[in-house]
Amino acid sequence: MNSSNETSDHIFNAVKTSVYLTDFIVTSACSHVIICTVQQELELKCQTRYFFLCQHLVYASLYFALGTLTHGLRLFSINSPRIVCWILFAAQVTFAQCIMLTLTLMSLNAYIAICWPLRYNSLVDSAKKKITAIMWVLAVQNSLWSTVYQSLNVSLAYLLESDNSCPNSMNGFASRQIGVAFILLCFILIVLCYCLIYREGKRAGHFVSSNVQARRTILIHGAQLSFFIAPVLITVGLGKKPKLTTLYLINTVIFSVAQCLSPVVYGLRCKQLRSKLTKTRFCCCTLKNGNRNDRVFELNASLATDAVINTQDNHVCNP
């Protein structure tokens, strides 16, 4: 029986490590492209929705990186102090909650921009940093206090003792129920915002039968959120049970695919962002090469001008 459980756990950790690693690579690559585009375009950088989008993508990449590390430790049975595993898992949960909060903030931002356009700048644009600070305070609460509570009930020697199973401190009933309540609250706010956006769009005539793009956007966002939130609710609500390993694997795959689609759903589907991608330089090497090529072009143009004019006084060089 123990051998069967160990085999099941090994397969479970192998699948989750592979899925999280793949998600990390895909999400990080897409995030790099989108963030570089936003940072280099002042028109996009000043918009609050892209500010929250970049945060969302960074948190998603870090979440998958920590998930890969945590399940990699379990997969390869690496002995590490329990406190390290607790901190890694708490950080992963914090970033997961940041993902939910940024999705909620993006929905609220869209609602205010559409329904209260005249008050948008005064309500949102000037308060981005304060909103981010509040978001972090909310995101860190559950993982912080759960870790502190669990650490008070055990000795220091237990925390420092190595454990190759890499346990976490948030599988208790209270922390799971708080997590479920948090996800449901964010989900309700998101659905409410989209309902109000749809009502306003329908009143203004944006959701007529000819406007397929608007209706398709609502449908795609709704489907992505459903595939993103439903598996999390099931996994967090049920807790860790050996009999439900297959269900957890299915939930992990669905959740990971939905999260990988976030850069496409919220970023690359935007025509304004997509139109800027061809102008973006995505790394320092490209920037240096681009600047060097520009200098070479300018120097060659200067030499050609000198040859035509054939005068030293009119020599122009812009290295």
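**View 1. Helix H3 passes helix H4 in a left-handed crossing.** The model shown here is predicted. Helix H3 spans residues 48–75 and helix H4 spans residues 82–115. Their axes come within 8 Å and cross at roughly 155 degrees. Angles over 145 degrees count as roughly antiparallel, and H3 and H4 are therefore roughly antiparallel to each other. Sorted by class, the contact of H3 with H4 has 18 nonpolar residues, eight polar residues and one charged residue.

**View 2. The largest pocket holds about 1,400 Å³ of space.** Its lining is made up of 48 residues. Lying nearest the centre of the pocket are Lys16, His71, Phe89, Asn168 and Thr235. By class, the lining has 21 polar, 19 nonpolar and eight charged residues.

**View 3. Several helices supply the lining of the largest pocket.** At least two lining residues come from each of helix H1 (2–40), H3, H4, helix H8 (173–204), helix H9 (212–238) and helix H10 (245–260). H1 gives the largest share of the lining, ten residues.

**View 4. Phe64 and Phe255 form an aromatic pair.** A search of the whole structure finds eleven aromatic pairs, and the pair of Phe64 with Phe255 is tilted. The two rings are 6.4 Å apart, centre to centre, with 55 degrees between their planes. Phe64 lies in helix H3 and Phe255 in helix H10, so the pair ties together parts that are 191 residues apart in sequence.

Note on methods:
Residues numbered from 1 in each chain as written. Predicted model: local features only at pLDDT ≥ 70, side-chain atom pairs only at ≥ 80, totals over all residues. Heavy atoms only, no water. Axes fitted to C-alpha atoms, helices over the stretch in contact; angles between N-to-C directions. Helix = DSSP H or I, 4+ residues; strand = E, 2+ residues; numbered from the N terminus. Parallel < 35°, antiparallel > 145°, perpendicular 65-115°, else oblique. Left-handed = near helix turned anticlockwise from the far one by under 90°. Nonpolar A, V, L, I, M, F, W, Y, C, P; charged D, E, K, R; others polar. 1 Å grid on protein atoms, 1.4 Å probe; cavity = no way out; pocket = protein on both sides within 12 Å on 5 of 7 lines; lining within 4 Å. Points joined across faces, edges and corners; volume = space filled by probe spheres on them. Phe/Tyr/Trp six-rings, centres within 6.5 Å; stacked < 30°, edge-to-face > 60°.
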